[in-house]
Amino acid sequence: MEPQNSSAVIEFFLLGLSDDPNLQSILFGLFLSMYLITVLGNLLIILAVTSDPHLHTPMYFFLSILSLADLGFSSSTVPKMLLNLQTHSKSISSTGCLMQVAFFSFFGGLDGQLLAVMAYDRFVAICHPLHYLFIMHSRLCGLLVLLSLCTGLLDSLAHCLMVSQFNFCMDAEIPSFFCDLPQLLKFACDYVPNNNLLLFLFAAVFGGLPVSGIIYSYARIISSILNIPSASGKYKAFSTCGSHLSVVSLFYGTAIGAYCSSSISHTPRKMMVTSLGYTMITPMLNPFVYSLRNRDIKRALWRLLRMTA
(Lines give C-alpha, C1' and ligand atoms only; values in the text may rest on other atoms or scores of the structure.)
Protein backbone atom coordinates (compact mmCIF):
# COMPACT_ATOMS: atom_id res chain seq x y z
CA MET A 1 0.00 0.00 0.00
CA GLU A 2 1.28 3.45 -0.92
CA PRO A 3 1.89 5.63 2.15
CA GLN A 4 0.47 9.12 2.23
CA ASN A 5 0.40 11.77 4.90
CA SER A 6 -3.01 11.88 6.64
CA SER A 7 -3.60 15.40 5.35
CA ALA A 8 -3.06 14.25 1.75
CA VAL A 9 -5.38 11.22 1.83
CA ILE A 10 -8.51 11.95 -0.19
CA GLU A 11 -10.90 9.56 1.54
CA PHE A 12 -11.35 6.48 3.68
CA PHE A 13 -13.97 3.76 3.28
CA LEU A 14 -16.35 2.73 6.08
CA LEU A 15 -17.45 -0.85 5.45
CA GLY A 16 -20.65 -0.43 7.49
CA LEU A 17 -23.00 -3.04 8.87
CA SER A 18 -24.16 -4.61 5.60
CA ASP A 19 -23.52 -4.66 1.84
CA ASP A 20 -27.06 -5.84 1.04
CA PRO A 21 -29.05 -2.89 -0.46
CA ASN A 22 -32.36 -4.25 0.86
CA LEU A 23 -30.98 -4.64 4.38
CA GLN A 24 -29.40 -1.19 4.15
CA SER A 25 -32.86 0.31 3.56
CA ILE A 26 -34.21 -1.46 6.66
CA LEU A 27 -31.21 -0.34 8.73
CA PHE A 28 -31.65 3.22 7.50
CA GLY A 29 -35.27 3.31 8.70
CA LEU A 30 -34.37 1.73 12.04
CA PHE A 31 -31.39 3.96 12.79
CA LEU A 32 -33.16 7.10 11.59
CA SER A 33 -36.02 6.35 14.01
CA MET A 34 -33.56 5.78 16.85
CA TYR A 35 -31.68 8.98 16.07
CA LEU A 36 -34.88 11.06 15.94
CA ILE A 37 -35.96 9.60 19.30
CA THR A 38 -32.52 10.50 20.70
CA VAL A 39 -32.74 14.08 19.45
CA LEU A 40 -36.36 14.56 20.58
CA GLY A 41 -35.83 12.96 24.00
CA ASN A 42 -32.71 14.95 24.87
CA LEU A 43 -34.19 18.20 23.56
CA LEU A 44 -37.28 17.66 25.72
CA ILE A 45 -35.09 17.18 28.80
CA ILE A 46 -33.19 20.41 28.02
CA LEU A 47 -36.43 22.36 27.40
CA ALA A 48 -38.08 20.95 30.53
CA VAL A 49 -35.15 21.93 32.75
CA THR A 50 -34.73 25.42 31.28
CA SER A 51 -38.47 26.25 31.25
CA ASP A 52 -39.41 25.06 34.75
CA PRO A 53 -38.09 27.19 37.66
CA HIS A 54 -38.54 24.22 40.03
CA LEU A 55 -35.80 22.40 38.12
CA HIS A 56 -33.23 25.20 38.38
CA THR A 57 -31.10 23.14 40.78
CA PRO A 58 -27.56 21.75 40.40
CA MET A 59 -28.73 18.19 39.68
CA TYR A 60 -31.03 19.20 36.82
CA PHE A 61 -28.53 21.75 35.50
CA PHE A 62 -25.97 18.95 35.12
CA LEU A 63 -28.67 16.73 33.58
CA SER A 64 -29.41 19.33 30.89
CA ILE A 65 -25.70 19.60 30.03
CA LEU A 66 -25.50 15.78 29.90
CA SER A 67 -28.44 15.72 27.46
CA LEU A 68 -26.62 18.27 25.29
CA ALA A 69 -23.48 16.12 25.39
CA ASP A 70 -25.51 13.02 24.43
CA LEU A 71 -26.92 14.92 21.45
CA GLY A 72 -23.42 15.82 20.30
CA PHE A 73 -22.06 12.32 20.97
CA SER A 74 -24.73 10.65 18.86
CA SER A 75 -24.59 13.33 16.15
CA SER A 76 -20.84 12.91 15.73
CA THR A 77 -21.32 9.53 14.01
CA VAL A 78 -24.96 8.72 13.23
CA PRO A 79 -25.76 11.33 10.50
CA LYS A 80 -22.82 10.18 8.36
CA MET A 81 -23.83 6.55 8.83
CA LEU A 82 -27.40 7.39 7.74
CA LEU A 83 -26.10 9.28 4.71
CA ASN A 84 -23.95 6.32 3.65
CA LEU A 85 -26.85 3.90 4.09
CA GLN A 86 -29.18 6.10 2.06
CA THR A 87 -26.70 6.71 -0.79
CA HIS A 88 -25.20 3.18 -0.63
CA SER A 89 -21.81 4.86 -0.29
CA LYS A 90 -18.91 3.88 1.96
CA SER A 91 -16.61 6.86 1.57
CA ILE A 92 -15.68 9.53 4.09
CA SER A 93 -13.16 12.28 3.44
CA SER A 94 -9.97 12.48 5.48
CA THR A 95 -11.19 15.78 6.92
CA GLY A 96 -14.57 14.24 7.78
CA CYS A 97 -12.85 11.28 9.44
CA LEU A 98 -10.62 13.57 11.53
CA MET A 99 -13.67 15.63 12.53
CA GLN A 100 -15.46 12.45 13.61
CA VAL A 101 -12.48 11.49 15.79
CA ALA A 102 -12.40 15.01 17.25
CA PHE A 103 -16.12 15.34 18.07
CA PHE A 104 -16.50 11.70 19.16
CA SER A 105 -13.59 12.06 21.61
CA PHE A 106 -14.79 15.44 22.85
CA PHE A 107 -18.41 14.49 23.55
CA GLY A 108 -17.46 11.03 24.82
CA GLY A 109 -14.98 12.57 27.26
CA LEU A 110 -17.52 15.23 28.25
CA ASP A 111 -20.11 12.52 28.97
CA GLY A 112 -17.72 10.71 31.30
CA GLN A 113 -16.72 13.89 33.15
CA LEU A 114 -20.34 14.98 33.60
CA LEU A 115 -21.29 11.59 35.04
CA ALA A 116 -18.49 12.02 37.58
CA VAL A 117 -19.70 15.55 38.40
CA MET A 118 -23.25 14.25 38.86
CA ALA A 119 -21.93 11.52 41.18
CA TYR A 120 -20.23 14.22 43.27
CA ASP A 121 -23.51 16.15 43.35
CA ARG A 122 -25.31 13.08 44.73
CA PHE A 123 -22.50 12.56 47.26
CA VAL A 124 -22.91 16.10 48.61
CA ALA A 125 -26.73 15.81 48.64
CA ILE A 126 -26.72 12.56 50.65
CA CYS A 127 -23.63 12.89 52.83
CA HIS A 128 -23.89 16.65 53.52
CA PRO A 129 -27.59 17.50 53.06
CA LEU A 130 -27.59 20.53 55.38
CA HIS A 131 -24.69 22.13 53.51
CA TYR A 132 -25.80 21.11 50.01
CA LEU A 133 -26.91 24.55 48.77
CA PHE A 134 -23.87 26.17 50.38
CA ILE A 135 -21.42 23.74 48.71
CA MET A 136 -23.15 23.36 45.32
CA HIS A 137 -23.54 27.06 44.60
CA SER A 138 -23.94 28.35 41.06
CA ARG A 139 -20.28 29.36 40.69
CA LEU A 140 -19.03 25.88 41.60
CA CYS A 141 -21.55 24.28 39.22
CA GLY A 142 -20.34 26.51 36.40
CA LEU A 143 -16.70 25.72 37.20
CA LEU A 144 -17.39 21.97 37.23
CA VAL A 145 -19.04 22.16 33.79
CA LEU A 146 -16.17 24.32 32.48
CA LEU A 147 -13.65 21.80 33.82
CA SER A 148 -15.57 18.99 32.12
CA LEU A 149 -15.55 20.92 28.83
CA CYS A 150 -11.81 21.58 29.07
CA THR A 151 -11.09 17.91 29.85
CA GLY A 152 -13.18 16.81 26.88
CA LEU A 153 -11.33 19.30 24.68
CA LEU A 154 -7.95 17.98 25.86
CA ASP A 155 -9.14 14.42 25.17
CA SER A 156 -10.17 15.41 21.65
CA LEU A 157 -6.94 17.32 21.00
CA ALA A 158 -4.79 14.41 22.20
CA HIS A 159 -6.54 11.95 19.89
CA CYS A 160 -6.38 14.32 16.90
CA LEU A 161 -2.66 14.96 17.44
CA MET A 162 -2.11 11.22 17.63
CA VAL A 163 -3.87 10.64 14.31
CA SER A 164 -1.91 13.44 12.64
CA GLN A 165 1.41 11.72 13.47
CA PHE A 166 0.69 8.70 11.26
CA ASN A 167 0.88 8.12 7.51
CA PHE A 168 -2.21 6.47 6.06
CA CYS A 169 -2.69 4.41 2.92
CA MET A 170 -5.01 5.33 0.10
CA ASP A 171 -7.05 2.10 0.13
CA ALA A 172 -7.85 2.08 3.87
CA GLU A 173 -11.15 0.24 4.46
CA ILE A 174 -12.23 0.71 8.08
CA PRO A 175 -14.36 -2.22 9.37
CA SER A 176 -16.81 0.08 11.17
CA PHE A 177 -19.65 2.51 10.49
CA PHE A 178 -17.61 5.45 11.83
CA CYS A 179 -13.95 6.41 12.18
CA ASP A 180 -13.29 4.30 15.26
CA LEU A 181 -9.76 5.28 16.31
CA PRO A 182 -8.41 1.80 17.20
CA GLN A 183 -9.63 0.49 13.83
CA LEU A 184 -8.37 3.57 11.99
CA LEU A 185 -4.84 3.28 13.35
CA LYS A 186 -4.54 -0.27 12.04
CA PHE A 187 -4.52 1.23 8.54
CA ALA A 188 -1.64 3.56 9.23
CA CYS A 189 1.28 2.52 7.02
CA ASP A 190 3.76 3.02 9.88
CA TYR A 191 1.48 1.39 12.46
CA VAL A 192 2.97 -0.90 15.11
CA PRO A 193 0.93 -2.74 17.78
CA ASN A 194 2.77 -0.90 20.56
CA ASN A 195 0.95 2.25 19.53
CA ASN A 196 -2.10 0.79 21.28
CA LEU A 197 -0.30 1.56 24.54
CA LEU A 198 -0.83 5.25 23.84
CA LEU A 199 -4.56 4.64 23.39
CA PHE A 200 -4.66 2.76 26.70
CA LEU A 201 -2.81 5.68 28.33
CA PHE A 202 -5.41 8.14 27.04
CA ALA A 203 -8.18 5.83 28.25
CA ALA A 204 -6.56 5.55 31.69
CA VAL A 205 -6.20 9.33 32.06
CA PHE A 206 -9.39 10.63 30.47
CA GLY A 207 -11.57 7.62 31.33
CA GLY A 208 -9.99 6.35 34.53
CA LEU A 209 -10.17 9.64 36.44
CA PRO A 210 -13.96 10.10 36.13
CA VAL A 211 -14.54 6.41 36.88
CA SER A 212 -12.40 6.76 40.02
CA GLY A 213 -14.45 9.81 41.04
CA ILE A 214 -17.71 7.91 40.53
CA ILE A 215 -16.48 4.92 42.52
CA TYR A 216 -15.25 7.13 45.37
CA SER A 217 -18.50 9.12 45.50
CA TYR A 218 -20.67 6.01 45.61
CA ALA A 219 -18.43 4.35 48.19
CA ARG A 220 -19.05 7.34 50.46
CA ILE A 221 -22.77 7.39 49.56
CA ILE A 222 -23.23 3.69 50.40
CA SER A 223 -21.33 4.14 53.66
CA SER A 224 -23.58 7.06 54.59
CA ILE A 225 -26.78 5.22 53.61
CA LEU A 226 -25.84 2.19 55.72
CA ASN A 227 -25.71 4.47 58.78
CA ILE A 228 -29.37 5.49 58.30
CA PRO A 229 -31.39 3.55 60.91
CA SER A 230 -34.71 3.12 59.09
CA ALA A 231 -35.24 1.01 55.97
CA SER A 232 -37.51 3.67 54.47
CA GLY A 233 -34.83 6.29 54.99
CA LYS A 234 -32.25 4.10 53.26
CA TYR A 235 -34.58 3.50 50.33
CA LYS A 236 -35.43 7.20 49.99
CA ALA A 237 -31.76 8.20 50.04
CA PHE A 238 -30.68 5.55 47.55
CA SER A 239 -33.62 6.19 45.22
CA THR A 240 -32.23 9.66 44.47
CA CYS A 241 -29.22 7.92 42.88
CA GLY A 242 -31.16 5.31 40.90
CA SER A 243 -31.39 7.22 37.62
CA HIS A 244 -27.76 8.29 37.72
CA LEU A 245 -26.57 4.76 38.49
CA SER A 246 -28.63 3.43 35.58
CA VAL A 247 -27.08 5.95 33.17
CA VAL A 248 -23.56 5.21 34.45
CA SER A 249 -24.16 1.49 34.00
CA LEU A 250 -25.48 2.03 30.46
CA PHE A 251 -22.62 4.31 29.39
CA TYR A 252 -19.69 2.39 30.84
CA GLY A 253 -21.27 -1.05 30.49
CA THR A 254 -21.82 -0.73 26.73
CA ALA A 255 -18.43 0.93 26.15
CA ILE A 256 -16.50 -1.68 28.14
CA GLY A 257 -18.51 -4.47 26.51
CA ALA A 258 -17.69 -3.13 23.04
CA TYR A 259 -13.97 -2.92 23.64
CA CYS A 260 -13.81 -6.26 25.44
CA SER A 261 -15.61 -7.92 22.54
CA SER A 262 -13.20 -6.28 20.08
CA SER A 263 -10.25 -7.82 21.92
CA ILE A 264 -11.89 -11.26 22.05
CA SER A 265 -13.68 -11.37 18.71
CA HIS A 266 -12.05 -10.21 15.48
CA THR A 267 -15.27 -10.42 13.45
CA PRO A 268 -15.92 -6.86 12.15
CA ARG A 269 -19.72 -7.24 12.08
CA LYS A 270 -19.88 -8.33 15.73
CA MET A 271 -17.64 -5.45 16.80
CA MET A 272 -19.83 -2.96 14.91
CA VAL A 273 -23.01 -4.30 16.53
CA THR A 274 -21.50 -3.87 20.02
CA SER A 275 -20.37 -0.35 19.08
CA LEU A 276 -24.01 0.56 18.45
CA GLY A 277 -24.59 0.15 22.19
CA TYR A 278 -22.70 3.24 23.28
CA THR A 279 -23.01 5.32 20.09
CA MET A 280 -26.78 5.03 19.63
CA ILE A 281 -28.60 3.06 22.30
CA THR A 282 -27.21 4.78 25.41
CA PRO A 283 -27.90 8.39 24.24
CA MET A 284 -31.40 7.27 23.19
CA LEU A 285 -32.26 5.60 26.52
CA ASN A 286 -30.84 8.25 28.90
CA PRO A 287 -33.85 10.63 28.61
CA PHE A 288 -36.23 7.72 29.29
CA VAL A 289 -34.23 6.65 32.34
CA TYR A 290 -34.41 10.12 33.88
CA SER A 291 -37.99 10.92 32.90
CA LEU A 292 -39.57 7.58 33.83
CA ARG A 293 -37.91 7.48 37.27
CA ASN A 294 -38.30 11.15 38.16
CA ARG A 295 -41.58 12.82 39.10
CA ASP A 296 -40.18 16.35 38.78
CA ILE A 297 -39.13 15.72 35.17
CA LYS A 298 -42.53 14.15 34.41
CA ARG A 299 -44.36 17.20 35.77
CA ALA A 300 -42.11 19.58 33.84
CA LEU A 301 -42.63 17.63 30.62
CA TRP A 302 -46.42 17.67 31.07
CA ARG A 303 -46.33 21.44 31.67
CA LEU A 304 -44.18 21.86 28.57
CA LEU A 305 -46.58 19.79 26.48
CA ARG A 306 -49.59 21.76 27.74
CA MET A 307 -47.82 25.03 26.91
CA THR A 308 -47.15 23.90 23.32
CA ALA A 309 -50.59 22.34 22.82
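Trainee: How do the residues lining the second largest cavity divide by class?
Mentor: In this predicted model, the lining of the second largest cavity comprises four nonpolar, three polar and two charged residues.

Trainee: Which residues are they?
Mentor: The second largest cavity is lined by Met59, Phe62, Met118, Asp121, Arg122, Thr240, Ser243, His244 and Tyr290. Two or more of the lining residues come from each of α2, α4 and α10 (242-264).

Trainee: Which element gives the largest share, and what is the volume of the second largest cavity?
Mentor: Helix α4 gives the largest share of that lining, with three residues. The volume of the second largest cavity is about 70 Å³.

Trainee: How many cavities of 30 Å³ or more are there in the whole structure?
Mentor: The search finds three cavities of 30 Å³ or more. The largest cavity has a volume of about 130 Å³, and 13 residues line it. Leu14, Gly16, Leu17, Asn84 and Leu85 are the closest of these to its centre.

Trainee: What about the elements around the largest cavity, and the classes of its lining residues?
Mentor: At least two lining residues of the largest cavity come from each of α1 (21-51) and α3 (78-87). The largest share is from α3, which supplies three residues. By class, the lining of the largest cavity has seven nonpolar residues, five polar and one charged.

Trainee: Turning to pockets, which residues lie nearest the centre of the second largest pocket?
Mentor: Met59, Tyr60, Arg122, Thr240 and Asn294 lie nearest its centre, among 20 residues that line the second largest pocket. Two or more lining residues come from each of α2 (58-75), α4, α5 (132-135), α9 (231-239) and α12 (295-308). The volume of the second largest pocket is about 610 Å³.

Trainee: And which element supplies the largest share of that pocket lining?
Mentor: Helix α9 does, with four residues of the lining of the second largest pocket. By class, that lining has 10 nonpolar, five polar and five charged residues.

Trainee: Why is α4 described as largely enclosed?
Mentor: Of its 34 residues, 28 are buried, so α4 is largely enclosed by the rest of the structure.

Trainee: Which residues touch the most other members of the largest nonpolar core?
Mentor: They are Phe31, Phe62, Leu115, Ile214 and Ile297, in a core of 64 residues. The largest share of this core comes from α4, with 15 residues. A second, separate core has 20 residues, including Val101, Ala158, Ala172 and Phe206.

Trainee: What does Ile297 touch, leaving out residues up to four places away in sequence?
Mentor: With those left out, Ile297 touches Ile45, Val49, Leu55, Tyr60, Leu63, Tyr290 and Ser291.

Trainee: Why does Leu245 count as partly exposed?
Mentor: The relative accessibility of Leu245 is 27%.

Notes
Residues are numbered from 1 along each chain as its sequence is written. This is a predicted model: local features need pLDDT of at least 70, side-chain atom pairs count only at pLDDT 80 or more; totals for chains, interfaces and linings use all residues. Side-chain values use heavy atoms; hydrogens and water are left out. Buried means under 20% relative accessible area, exposed over 50%, partly exposed in between (1.4 Å probe, protein chains only). On a 1 Å grid over the protein atoms alone, a cavity is a set of points where a 1.4 Å probe fits but cannot get out, and a pocket is an open set with protein on both sides within 12 Å along at least five of seven lines; lining residues have an atom within 4 Å of a point. Grid points are joined across faces, edges and corners, and a volume is the space filled by probe spheres set on the points. Ala, Val, Leu, Ile, Met, Phe, Trp, Tyr, Cys and Pro count as nonpolar, Asp, Glu, Lys and Arg as charged, and the others, Gly among them, as polar. A nonpolar core is a set of buried Ala, Val, Leu, Ile, Met, Phe, Trp, Tyr and Cys residues joined through side-chain atoms within 4.5 Å. Contact means heavy atoms within 4.5 Å.
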